Amino acid sequence: MALSAKEVLKVGTLSRIRLTGEEVEKFSLQLSAILEYVDKLRELDTRGVEPLAHALALHNVLRDDEPHAGLTTDQALGGAPESDGDFFRVPRVLDEGASA
Amino acid sequence: MALTDLTACEMRQAVLERRLSAREAADACLAAIHRLDTKVKAFLSVAPENARRRAAEIDRRLAAGENVGLLAGIPVAVKDNMCTADGQPTTCASRILGNWRAPYDAHVVQRLTAEGAVIVGKTNLDEFAMGSSTENSAYGATRNPWALDRVPGGSSGGSAAAVAARMVPIALGSDTGGSIRQPAALCGVVGMKPTYGRVSRYGLVAFASSLDQIGPFGRTVADAALLLQATAGHDPRDSTSVPKPVPDYLASLEDPVLPLKIGVPREFFGEGLDPEVGKRVREALAVYERLGARLVEIALPHSTDYAIATYYIVATSEASSNLARYDGVHYGYRSSDHTDMIDMYMRSRAQGFGDEVKRRIMLGTYALSSGYYDAYYKKALAVRRLIRRDFEQAFQEVDCIMGPTSPTPAFCMGERTADPLSMYLSDVYTVSANLAAIAGISIPCGFTAAGLPVGLQIITDVFSEDRLLRIARMYEREADWAQQAPPLAKEAV
């Protein structure tokens, strides 16, 4: 299956990756080649085969709901590109005039 | 003989008997790194002060008669996708993590520390462990110590090269589709992917969570066993780590597994296999036959081409979700020029990720996107079950499966970078073990005429690492390739 430039741009947006025109062209060719290879899977009849998300039979693991130490605020914010007091700082999300 | 020629087991004995101090061992490795790593580029960061301080502490504790643990005074390298709170960066060889310092130690790093190991540095990898050559690193490629114009394999190429060049006796890597076994084969060392769930992934930066597994590199099977012993076991912080007791791998290592029925999958000897690699692997199989093993041809019909196709859907889908966390908000790199929040995400990720990571995130996003989910992701999961069934059936008949680890010896730098698919096919014999969650090891089985190492892959069923190591040891006792060092490691000691 071939991925058009338009589809690559759309996947880039879904992936939150800004692509240059050159990249769109390159990734369109490369991803199409990979998808063409992956299309081999269509040769296999998988009707009635239960999908396997995890190869070990693992079950939900529960523990008692007891408080225990985690990262401190300083540790959690330590790697942030921008922080403000106890908060991560991000670019403005709402317009000046927007009501909350 | 130089100190760096000692195996980890020999070093351990010498340290415990006080013939060698932890400080001397650390200094020897740091000197080897200083001498060789400008050429090999296996390390992203080296921590001489930390290592010397730590070694001195081990020596003090030994002098005081304290129990110093399984890895007392042994220098170890750690792949740089495992968190260390020692002040060293954890980069995953990506720009997007920037200067990030982890606020906590990975479980395996805590285990190394508890067992007295001395972590000397963190090794290079393909960005976020995505690749098979260690060329996809934002900080430059690692080179193969046997031939500096060739790749060491990947993604744990830094750890494999560091052990092969005798800069450290043992190192940790991670294996999502072959990332320990393939570089072990290309660098002529032992590398093992344990069963999924055998070693905790807590603090391993996630790539594909249902496939990722941490494992050991060493020059000998015993050294790999030693490092696995120190790191395996249940950890409640990784809910996929399995609460099964860890056997004493070293105690049983010298016991051969006999009778031994070896499954030889015809699919692992088909088109694409380099004839010299095939020849070395068949010679190794003949050694097992001579030792009394029986070879049985088996079929793993879904475990080569179909496994690669399955892997590149499953792994990329999981990656697209795992790598959503790099958003320029919580840690790492943020683009300085942006118009709004979404634009900030998109520019930060565009500037922070390399091409291979972008390709895989996009491929996974596509496979999971509306309209394609059934055709790609669900289909791949169904084939994953067929792959698992192939192995279940095989293990009813045979004790282990053997074949080449990699279809070719180390390839030239740049040879496969322009064609991602050709790079993906480097893992054609290794990905199926990850998809099936079973254990695999690569051990050296000779060289090509050009002097490049060849690896034999041995695969066993889940939680049978003890038998896997014993089977590997049977061959190693007959053909001790570990005695050979790359010429570069012997220069001007």
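**Contacts and shape of chains A and B**

Q: How many residues of chain A are in contact with chain B, and how many of chain B with chain A?
A: This is a predicted model, in which local features need pLDDT of at least 70, side-chain atom pairs count only at pLDDT 80 or more, and totals for chains, interfaces and linings use all residues. Residues are numbered from 1 along each chain as its sequence is written, while chains are lettered from A and ligands numbered from 1 in the order in which they are written. Two residues are in contact if their C-beta atoms, placed from the backbone, lie within 7 Å. The count is 40 residues of chain A and 57 residues of chain B.

Q: Which element gives the largest share of the side of chain A that touches chain B?
A: Helices (H or I, at least four residues) and strands (E, at least two) are DSSP runs, numbered from the N terminus. The elements that give two or more residues to this side are α1 (5-14) and α2 (21-38) of chain A. The largest share, seven residues, comes from α2(A).

Q: How do the residues on that side of chain A divide into nonpolar, polar and charged?
A: Ala, Val, Leu, Ile, Met, Phe, Trp, Tyr, Cys and Pro count as nonpolar, Asp, Glu, Lys and Arg as charged, and the others, Gly among them, as polar. On the side of chain A that touches chain B, the division is 27 nonpolar, eight polar and five charged.

Q: At what angle do α1(A) and α12(B) cross?
A: Axes are lines fitted to C-alpha atoms, for helices over the stretch in contact, and angles run from 0 to 180 degrees between N-to-C directions. The two helices count as roughly perpendicular, a class that covers 65 to 115 degrees, against under 35 for roughly parallel, over 145 for roughly antiparallel and the rest for oblique. Val11(A), Gly12(A) and Leu14(A) of α1(A) meet Met362(B), Thr365(B) and Tyr366(B) of α12(B). The axes come within 9 Å and cross at roughly 95°.

Q: What is the radius of gyration of chain A?
A: The radius is taken over C-alpha atoms, and the globule rule is 2.2 Å times the number of residues to the power 0.38. Chain A has three helices and two strands, and buried residues make up 19% of its 100 residues. The rule gives 13 Å, and chain A is more spread out than a compact globule because its radius is well over that, at 23 Å.

Q: What is the radius of gyration of chain B?
A: Chain B has 17 helices and 11 strands, and 64% of its 493 residues are buried. A compact globule of 493 residues would have a radius near 23 Å, and chain B agrees with this at 21 Å.

Q: Which residue does a cis peptide bond join to Leu258(B)?
A: The omega of this bond is about -5°. The residue lies in the loop between α8 (249-252) and β7 (261-265) of chain B. It is Pro259(B).

Note on methods. Buried ≥ 20, exposed ≤ 12 C-beta atoms within 10 Å, placed from the backbone.
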